Amino acid sequence: MTPSLKQTTLYQRHVAAGAKIVPFAGYAMPVQYPTGALKEYHATRGDGHAGLFDIAHMGQVRVRGADALPFLQRVTTNDVGKLVDGQVQYSALLNESGGFIDDITTYRIAADHYYLCVNAANRDRDVAHLQAEAADFAVEVRDESDATTLLALQGDAAQALLQPLVETRLTTIGYYRFAECGLMGESAIISRTGYTGEDGFELYLPNSHAEQVWDALLKGGATPVGLAARDMLRTEMGYALYGHEISEQVTPVEAKLMWITCMEKGDFIGREAVAARKSEGRRQALIALKLTGRGIPREHYPVLVDGQRSGSVTSGLYSPLAERGVALAYVRPEHANAGALAVEIRGKAIPALRTTTPFVRSRVNPAQKR
Amino acid sequence: MSIPSDLLYTKEHEWVREEGDVATCGISEHAQEALGDIVFVELPEVGAAVEAGKPFAVVESVKAVSDVYAPVSGEVIETNSQLESSPELVNTDCYGEGWIAKIRGSGGRTELLDAAAYATFLEE
């Protein structure tokens with residue numbers, strides 16, 4: 001293990017549990033626990049169960065000040081003006097060319113006080129970007145990542161498992177809403193959000209409290225889940241992952257993320273480039289596919305349309321629920337809806353069909369997309 | 001770690017049971033454990049000619065794609081088609097129901113270790 005890798009507060013818990021540790025976004029993270037990724041997957045998807053994820057590698061940025069709203073309207077794509085206190089919004093940071101710096105969630109604590117959750121791999125770049133842009137605004141941008149542990153508790157039993165530990169009635173927290181409340185005696189942010197398609201919560205707490213909460217949730221019956229199952233769960237939902245479906249090379253027009261890009265809210269960084277891309281047409285099309293033949297479509301595998309290379313897989317897996325290989329892929333725009341599809345696996349063209357996401361049923365309110 | 005003494009092993013973690021000129025092969029306990037949950041096995045074609053030390057099958061776990069190398073040269077005479085619907089047999093019974101293929105040997109073989117030598121190799 002590279003000694004320069006950072007560790008989350010719970011690292012020793014994972015090692016003691018016998019987890020397989022891998023480097024991920026600069027952190028030594030558990031990829032799976034001894035019973036294996038499939039069991040962790042089923043523990044999260046199954047009735048009466050919940051999975052517990054240490055995702056403390058992710059970053060948290062507090063934005064506070066008189067200009068917090070105009071500042072966030074300028075740096076994020078979604079309409080922050082629509083948020084009320086206690087609401088969460090999926091959004092993105094773009095560069096001037098319309099490419100993704102990151103995808104984020106924005107929490108409105110008060111009209112002049114917000115909290116952003118960002119990807120671990122992009123955190124330093126995000127913070128530098130936000131602080132540079134903040135120079136023109138009466139706003140303070142503070143990186144709280146190193147002091148904060150983020151846990152996700154996801155699955156059918158998440159609410160029942162968490163309720164005994166918190167001082168708020170969890171039924172009062174709706175989908176993509178949050179509360180700041182006591183969690184085992186310490187203040188935490190608890191949001192009904194996640195990356196799995198299951199009902200569940202994300203818990204932001206001080207590092208000093210992480211082990212106590214982790215242990216209590218495991219004692220309550222949650223199953224620890226590593227990165228391998230987490231990636232299966234998110235891919236089955238068709239959720240984008242930075243570095244796969246989104247990057248600086250694509251805009252929201254390509255990534256099917258115009259629903260988090262509010263062109264009508266006024267100017268924001270990247271708006272002009274996105275408007276131009278919309279009018280000239282997307283350069284690639286993000287599609288969802290399922291194999292009709294046997295095989296697992298993996299990242300970077302070529303996608304063929306009518307026998308010719310059209311693009312490549314960005315995320316793929318064998319879906320235990322769909323019982324077949326499924327994938328997200330970029331293809332040429334003219335192939336978004338037309339042409340016979342196949343994925344090239346070890347030199348063989350395995351036929352596939354276009355489909356829609358999520359690939360399997362989701363337990364979150366389908367009317368309120370992530 | 002189970003390393004049956006009646007089998008031979010490759011340094012790529014395949015096992016082989018030689019009966020006359022027929023070699024039955026699969027992947028070792030160490031290999032299946034390192035890979036994790038197997039979700040797909042690509043079997044060779046029956047009748048295919050394989051060369052010792054060259055990839056002839058593929059096992060895929062949740063996260064990884066891994067080649068299986070032929071321990072001996074020869075012709076594939078039978079494959080374990082059960083693995084097409086139940087790839088997890090490689091995890092649950094790697095030396096039994098999780099066998100991958102039978103090869104009629106034509107003489108060539110990679111370096112094969114007996115159980116004791118393979119155990120030592122794993123420790124190194």
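Reader: Which backbone oxygen does the side chain of Ser61(B) reach?

Author: Happy to start there: that side chain reaches the backbone oxygen of Leu35(B) at 3.1 Å. Before going on, please note that this is a predicted model, where local features need pLDDT of at least 70, side-chain atom pairs count only at pLDDT 80 or more, and totals for chains, interfaces and linings use all residues. Residues are numbered from 1 along each chain as its sequence is written, chains are lettered from A and ligands numbered from 1 in the order in which they are written, and side-chain values use heavy atoms, with hydrogens and water left out.

Reader: Is Ser61(B) buried or exposed?

Author: Buried means under 20% relative accessible area, exposed over 50%, and partly exposed in between (1.4 Å probe, protein chains only). Ser61(B) has a relative accessible area of 1%, so this residue is buried. Ser61(B) sits in strand β6 (residues 55-61) of chain B; strands (E, at least two residues) and helices (H or I, at least four) are DSSP runs, numbered from the N terminus.

Reader: Which residues does Ser61(B) touch?

Author: Contact means heavy atoms within 4.5 Å. Leaving out residues up to four places away in sequence, Ser61(B) touches Leu35(B), Gly36(B), Asp37(B), Ile38(B) and Val39(B), and also Arg298(A) from the other chain.

Reader: How many residues does each chain give to the contact?

Author: Chain A gives 17 residues and chain B gives 17. Buried area is the accessible area (1.4 Å probe) that two parts lose on being put together, summed over both. Here about 1,400 Å² is buried between the chains, with carbon and sulfur atoms giving 48%. Arg294(A), Arg298(A) and Arg346(A) lose the most area on the chain A side, together 43% of what that side buries.

Reader: How many salt bridges are counted between chain A and chain B?

Author: A salt bridge is a side-chain nitrogen of Lys or Arg within 4 Å of a carboxyl oxygen of Asp or Glu. The count is six, and Glu60(B) meets Arg346(A) in a salt bridge at 3.0 Å, N to O.

Note on methods. Polar contact = N/O pair within 3.5 Å; in protein donor to acceptor, adjacent residues only side chain to side chain.
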